Structure formats: structure tokens, C-alpha cells
Amino acid sequence: MDKDSLRNDIEQFPDSDRRESGEKLGITESGIHYAPKPLGVTYKKILYPATTDLEKRSMFCQKIEAREKEGN
């Protein structure tokens with residue numbers, strides 16, 4: 001696997017998951033699982049993918065904020 005290709009893919013498509021990156025680069029999902037670590041790249045966890053309904057995401061975030069306020 002070409003590390004530069006992986007780095008470029010991650011920089012151009014930061015929201016793509018490992019499966020999508022693997023398909024573009026011709027690598028299995030399990031093969032790409034460990035590849036970013038030596039490059040110093042980490043994947044951030046997100047509540048929802050970018051393609052989901054923004055209204056649902058907003059409602060979810062409001063619920064979290066309300067529960068945090070109740071706990072304080």
C-alpha cells in the first residue's frame with residue numbers, strides 16, 4: 001500500500017469511513033484498520049454521518065444538552 005495515497009485520501013475525504021477508503025485504495029477494511037496509525041492519523045467518532053438528516057442531529061444534540069443541564 002502506498003502511504004502517500006492513503007494520506008491524500010484521508011486529507012481529501014476526512015468523513016469517509018475505513019470501508020470506503022479501503023474500496024478506493026483497493027485494500028480490505030481490516031487491512032486499512034491499522035494503516036493510518038503509523039502516519040499519525042486518527043479517526044474521529046461522530047454522532048451521525050454527514051449524509052444524515054440535520055434536523056435529527058440537532059434534536060439529538062439538544063437532548064444531550066438538556067440531560068447535562070439536569071445533571072448539574
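Helix 1 and helix 2 are oblique to each other. The exercises below work through this pair.

This is a predicted model, in which local features need pLDDT of at least 70, side-chain atom pairs count only at pLDDT 80 or more, and totals for chains, interfaces and linings use all residues. Residues are numbered from 1 along each chain as its sequence is written, and side-chain values use heavy atoms, with hydrogens and water left out.

**Exercise 1. Describe how helix 1 and helix 2 pack.**

Step 1. Two packed helices are described by the angle between their axes and the distance between the axes.

Step 2. Find the helices. Helix 1 covers residues 3-12 and helix 2 covers residues 18-25. Helices are DSSP runs (H or I, at least four residues), numbered from the N terminus.

Step 3. Take the values. The angle is about 135°, and the axes are 11 Å apart. Axes are lines fitted to C-alpha atoms over the stretch in contact, and angles run from 0 to 180 degrees between N-to-C directions.

Step 4. Classify. Angles under 35 degrees count as roughly parallel, over 145 as roughly antiparallel, 65 to 115 as roughly perpendicular and the rest as oblique. The pair is therefore oblique.

**Exercise 2. Which residues make the contact between helix 1 and helix 2?**

Step 1. Contact means heavy atoms within 4.5 Å.

Step 2. Helix 1 supplies Ser5, Leu6 and Asp9, while helix 2 supplies Ser21, Lys24 and Leu25.

Step 3. Sort these residues. The contact has 2 nonpolar, 2 polar and 2 charged residues. Here Ala, Val, Leu, Ile, Met, Phe, Trp, Tyr, Cys and Pro count as nonpolar, Asp, Glu, Lys and Arg as charged, and the others, Gly among them, as polar.

**Exercise 3. How many salt bridges are there?**

Step 1. Apply the rule: a side-chain nitrogen of Lys or Arg lies within 4 Å of a carboxyl oxygen of Asp or Glu. The count is 2.

Step 2. Asp9 pairs with Lys24, with the closest N and O atoms 3.1 Å apart. This pair links distant parts of the chain, 15 residues apart: Asp9 in helix 1 and Lys24 in helix 2.

Step 3. Glu23 pairs with Arg19, with the closest N and O atoms 3.5 Å apart. Both lie in helix 2, 4 residues apart, about one turn of the helix.

**Exercise 4. Is Asp9 buried or exposed?**

Step 1. Buried means under 20% relative accessible area, exposed over 50%, partly exposed in between (1.4 Å probe, protein chains only).

Step 2. Asp9 has 7%, so Asp9 is buried.

Technical notes
Helices (H or I, at least four residues) and strands (E, at least two) are DSSP runs, numbered from the N terminus.
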